[in-house]
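Please walk through the metal sites of this model, then its cavity and pockets.

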Amino acid sequence: MRVTLLGTGDSTGIPIIGCHCKTCEDARKKGWERKRFSVMIQNEGKILLIDTSPDMRRQLLDTNVDRVDAVIWTHCHFDHFGGFGNFYRVQSDVKVYTTPKIHDDIGKFMSFMEYKPIEVECYEPFELIGLKITLFEVNHPPVDAIGVKIEWNGYKIVVSGDTNADIPKRSLEEMEEPDLFIVEALAPRGRFKKHMNAEEALSLAKKIRARKTVLTHVGHFFPPHDIAVKKYPIGYDYQSFEFSNVKLTRFFK
Ligand SMILES: [Zn+2]
Ligand SMILES: [Zn+2]
Ligand SMILES: [Zn+2]
């Protein structure tokens, strides 16, 4: 099984249109960027996407993906579902999994697109491309939002989704002891109603005893990437984690 961060930016991505801060200018000058959020999971020759970033077309071309087998949406913000139209033109019959409420929210924007909504309740595990998946509630007011737990062959991967640090207790239990924790951190510090800062994300990682943590959904509030990466376990676009199917050896690049 392989997990790839297709986009590690916040809703605007980096560089931000019209922003000339140090970080956005560094990105322009050195040619790096943070595309909008999506995580790709590959298993048994199939592909599952957690969220469909507005940058989806570029992301799928860059990673040589020919077709997508399933999608999970975490919530109704544009940076998490806006790229779904890229499938509509090239692929039919894409199954999309999320809670009834989130289907409802996103459905309002999708009236002219055909897709197969599959309703799943939080805390009720289901099987997808050979993986055990459990959705859990997080806290991203005012909208409903979920995180995703993936279990495979003794490994556990947790994706926090967009959330502040005030996560329901039942969800914290689901999140416990992941081998890989992909957690959002909008900024190094500062208080946000809808998001975590890096300190909150890292203390959450410690609390759930994550074995490896990678920060995503990162805004331009962080220093330029090569400086930020010295201080934080900050992710980057197309960073990928390989999980062996040998149960006893835990390793990932
Ligand atoms: Zn977002
Ligand atoms: Zn900027
Ligand atoms: Zn959001």
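C24 has a relative accessibility of 0%, so the residue counts as buried. Buried means under 20% relative accessible area, exposed over 50% and partly exposed in between, with a 1.4 Å probe and protein chains only. This is a predicted model: local features need pLDDT of at least 70 and side-chain atom pairs count only at pLDDT 80 or more, while totals for chains, interfaces and linings use all residues. Residues are numbered from 1 along each chain as its sequence is written, chains are lettered from A and ligands numbered from 1 in the order in which they are written, and side-chain values use heavy atoms, with hydrogens and water left out.

Which protein atoms are donors of the zinc ion (ligand 2)? They are C19 (SG), C21 (SG), C24 (SG) and H220 (ND1), lying 2.1 to 2.3 Å from the ion. Donors are N, O and S atoms within 2.8 Å of the metal (3.2 Å for Na, K and Ca); water is not among the atoms, so sites may look incomplete. Along the sequence, the donor residues of the zinc ion (ligand 2) are spaced C-x1-C-x2-C-x195-H. The pair C24 and H220 links distant parts of the chain, 196 residues apart. C24 sits in helix α1 (residues 22–30), and H220 in the loop between β12 and α8. Helices (H or I, at least four residues) and strands (E, at least two) are DSSP runs, numbered from the N terminus.

The 4 donor atoms around the zinc ion (ligand 2) subtend angles of 104 to 115°, so the arrangement is tetrahedral. Four donors count as tetrahedral if all angles lie between 85 and 135 degrees; four count as square planar and six as octahedral if opposite donors are over 155 degrees apart and all others between 65 and 115; anything else is irregular.

## The bridged zinc pair

The zinc ion (ligand 1) and the zinc ion (ligand 3) lie 3.4 Å apart, and D162 bridges them. D162 counts as buried because its relative accessibility is 2%.

Take the zinc ion (ligand 1). Its protein donors are D79 (OD), H80 (NE2), D162 (OD) and H217 (NE2), at 2.1 to 2.3 Å. Their spacing along the chain is D-H-x81-D-x54-H. H80 and H217 form a pair that links distant parts of the chain, 137 residues apart. H80 lies in helix α3 (residues 78–81), whereas H217 lies in the loop between β12 (213–216) and α8 (225–231). Both H80 and H217 are buried.

Now the zinc ion (ligand 3). H75 (NE2), H77 (ND1), H140 (NE2) and D162 (OD) are its protein donors, at 2.1 to 2.4 Å. In sequence these donor residues follow H-x1-H-x62-H-x21-D. H140 and D162, 22 residues apart, link distant parts of the chain. H140 is in the loop between β8 (131–137) and β9 (146–152). D162 is in the loop between β10 (155–159) and α6 (169–175). With 1% relative accessibility, H140 counts as buried.

| Ion | Donor angles | Arrangement |
|---|---|---|
| zinc ion (ligand 1) | 88 to 172° | irregular |
| zinc ion (ligand 3) | 89 to 172° | irregular |

## A histidine contact

H195 is in the loop between β11 (180–184) and α7 (198–207). H195 counts as buried because its relative accessibility is 13%. Its side chain makes a polar contact with the side chain of E184, at 2.7 Å. A polar contact is a pair of N or O atoms within 3.5 Å; within protein, one must be able to donate a hydrogen and the other to accept it, and residues adjacent in sequence count only if both atoms are side-chain atoms.

## Cavity and pockets

The whole structure has 1 cavity of 30 Å³ or more. The largest cavity has a volume of about 40 Å³. Residues lining this cavity include W32, R34, F222 and H225.

The largest pocket has a volume of about 200 Å³. Its lining draws its largest share, 4 residues, from α2. Both α2 (56–62) and α4 (85–90) supply at least two lining residues. Among the lining residues are M56, R57, N86 and F87.

On a 1 Å grid over the protein atoms alone, a cavity is a set of points where a 1.4 Å probe fits but cannot get out, and a pocket is an open set with protein on both sides within 12 Å along at least five of seven lines; lining residues have an atom within 4 Å of a point. Grid points are joined across faces, edges and corners, and a volume is the space filled by probe spheres set on the points.
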